[in-house]
Amino acid sequence: MLDPRALATQKDEIVESCRKRRVEVDLEQAMGLHERTAALQTDLNEANRQRNEHQTAGKRKLEPAEREAHSLEGRRLKEACAAIEAELETVRGDLNAAMRSFPNLIHPDVPEGGEDDFRELRRWGTPPDFGFAALDHVELAQKLDLIDFEGGARVAGQKFYYLKNEAALLELALQRFALDFLIEDGFTPFITPDLARPEVLDGIGFNPRGPETQVYSIANADLCLIGTSEITLGGLYADSILEESDLPLKLAGVSHCFRTEAGSAGRESKGLYRVHQFSKVEMFAFTQPEDSQIMHEHLLGLEEKIFQALEIPYRIIDVASGDLGAPAYRKYDVEAWMPGRGDAGEFGEVTSTSNCTDYQARRLRVRFKRKEAKQTELVHMLNGTAIAVSRAIIALLENHQRADGSVAIPTALRPYLGREVILPR
RNA sequence: GGAGAGGUGGCCGAGUGGUUGAAGGCGGCGGUCUUGAAAACCGCUAGGCGUUCACGCGCCUCGAGGGUUCGAAUCCCUCCCUCUCCGCCA
């Protein structure tokens, strides 16, 4: 959420961000509501002050008749306060609703446009030249008996799956590999809840309800299945004041991720690419405002190192304004080369890192205090994927397949998987 | 699931109707002492909102919401959460 006060002080920036993101907002209406809440707050303060004064006057002993008159006046003042309060609450609600429609500000370098207007920043690695007809991960998994899609569909429905044999081990190996890597960088490892309260989802910027929601809700509890541990990691310090010396705070979270994928029918979604459940190691960082851009680059760097260690070619894209999502100030995706995608291989998103500046922190009230400062400040919050297991498996299988039908395991992963190759059985 | 206890400031913890936004402690900040540090001692230290160029002034907040009262952290109701014991269970 944006600061309503920014509507006036950063008006041009807000308008520009909304234009670039192709989001329609009514800034004048929101400003009007904010001015109205301020005016009502002032009125309420004055009414309360009068009431307090009156109460203080009633502390001394009063004659019965005096007491009666005093009580009468007290009741009148109370009603006056209540009337203003009721109106303030209504206007506040409207303002809040209006503010929710405003996305975050936007980094000046973000390319303008929609999903296809990203800027490619760099590439690493060379797509493999197999010299044989490359298989996609679905075919590979079938030949190697690694994934049971039919079983998943029978038990849980379309877009569910069983990982089996080396794929099951691969899930654990990838998680542990990523965790060790992040711990080395100073992250604290977490295994988070897979469910969270709707308010937390909301604070992070996920819409738990509505027809287009990506979120599963639990029928008999006020809980949602998380789509990413960004939610549980980001929510961990809701309503708290961090010490300046605590920052930057780097958390690595392992969780299952659940997504309804409503409205994504027909999009490229073969096999493991777009599924209802997967596991993920997520990075999350809380920083001081002036450090968030450096941290964002750092998170991207970690994502790159992970895929370099996995020996998977990739490219980095600077996601375009229209595809950012409301909380993100800037977002980078790592797209891995997937030889089985499309006719002759294509890049497919495997990780994503966003700098959400103070947009999430404002609603979650995550603050910090500088030494000698009177007031607290909002922290900046950033997230990034270390490993999304299902998509990492796609990239691994497809890039490291060999002519004999086996799949080579990159050196860095061998100690974690306990084998050097996956052989046909 | 059953029974009980409890939710107070960054943290711990007093406080049962009126100068209590809240004792005390810890932590933090500043100072005295010291070559320096520690210890000891002294002082300061909640968050948020409105208003103001600013100093400041005012308002709100003791889990949340409602009620009683001129007046509520304190009494009543509802809800949420946490802890302990029992049951069940990986």
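Visitor: How many bridges join strand E13 to E14, and how do they run?

Guide: Welcome! This is a predicted model, and in it 3 bridges join strand E13 (residues 366–369) to E14, with the two running antiparallel.

Visitor: What makes E13 and E14 a pair?

Guide: Two strands pair if DSSP finds at least two bridges between them. E13 and E14 are joined by 3 bridges, so they meet that cut-off and count as paired. On the residue level, Lys-369 has Thr-376 in E14 as its bridge partner.

Visitor: Which sheet do these strands belong to, and what is its order?

Guide: An open sheet of 3 strands, in the order E7-E13-E14, with mixed pairing. Strand E7 (240–243) and strand E14 (376–378) each have a single partner strand, so each has one side without a neighbour in the sheet and stands at an edge. From one strand to the next, the twist averages 40 degrees.

Visitor: Why are E1 and E4 called edge strands?

Guide: They belong to an open sheet of 8 strands, ordered E1-E10-E11-E12-E15-E9-E8-E4, again with mixed pairing. Strand E1 (119–124) and strand E4 (188–191) have a single partner strand each, so one side of each is left without a neighbour in the sheet. The twist here averages 25 degrees from one strand to the next.

Visitor: How do you know that E4 pairs with E8?

Guide: The cut-off is at least two bridges. There are 4 bridges joining E4 to strand E8 (residues 249–258), which run parallel, so the two qualify as a pair. Phe-190 stands opposite Gly-253 in E8.

Visitor: Why is helix H12 described as largely enclosed?

Guide: Buried means under 20% relative accessible area. In helix H12 (residues 389–399), 11 of the 11 residues are buried, so the rest of the structure largely encloses this helix. Among them are Arg-391, Ile-394, Leu-397 and Glu-398.

Visitor: Why is the second largest pocket said to lie between domain 1 and domain 2?

Guide: Domain 1 (6–99) and domain 2 (119–422) both contribute lining residues, so the pocket lies between them. Its volume is about 560 Å³.

Visitor: Which residues lie nearest the centre of the second largest pocket?

Guide: Of its 18 lining residues, Met-1, Asp-3, Pro-4, Arg-5 and Arg-362 lie nearest the centre. Helix H3 (27–57) and helix H4 (64–100) are the elements that give two or more residues to this lining, and H4 gives the most, with 5 residues. By class, the lining has 7 nonpolar, 5 polar and 6 charged residues.

Notes:
Residues are numbered from 1 along each chain as its sequence is written. Chains are lettered from A and ligands numbered from 1 in the order in which they are written. This is a predicted model: local features need pLDDT of at least 70, side-chain atom pairs count only at pLDDT 80 or more; totals for chains, interfaces and linings use all residues. Side-chain values use heavy atoms; hydrogens and water are left out. On a 1 Å grid over the protein atoms alone, a cavity is a set of points where a 1.4 Å probe fits but cannot get out, and a pocket is an open set with protein on both sides within 12 Å along at least five of seven lines; lining residues have an atom within 4 Å of a point. Grid points are joined across faces, edges and corners, and a volume is the space filled by probe spheres set on the points. Ala, Val, Leu, Ile, Met, Phe, Trp, Tyr, Cys and Pro count as nonpolar, Asp, Glu, Lys and Arg as charged, and the others, Gly among them, as polar. Domain bounds come from an automatic or database domain assignment. Buried means under 20% relative accessible area, exposed over 50%, partly exposed in between (1.4 Å probe, protein chains only). Axes are lines fitted to C-alpha atoms, for helices over the stretch in contact, and angles run from 0 to 180 degrees between N-to-C directions.
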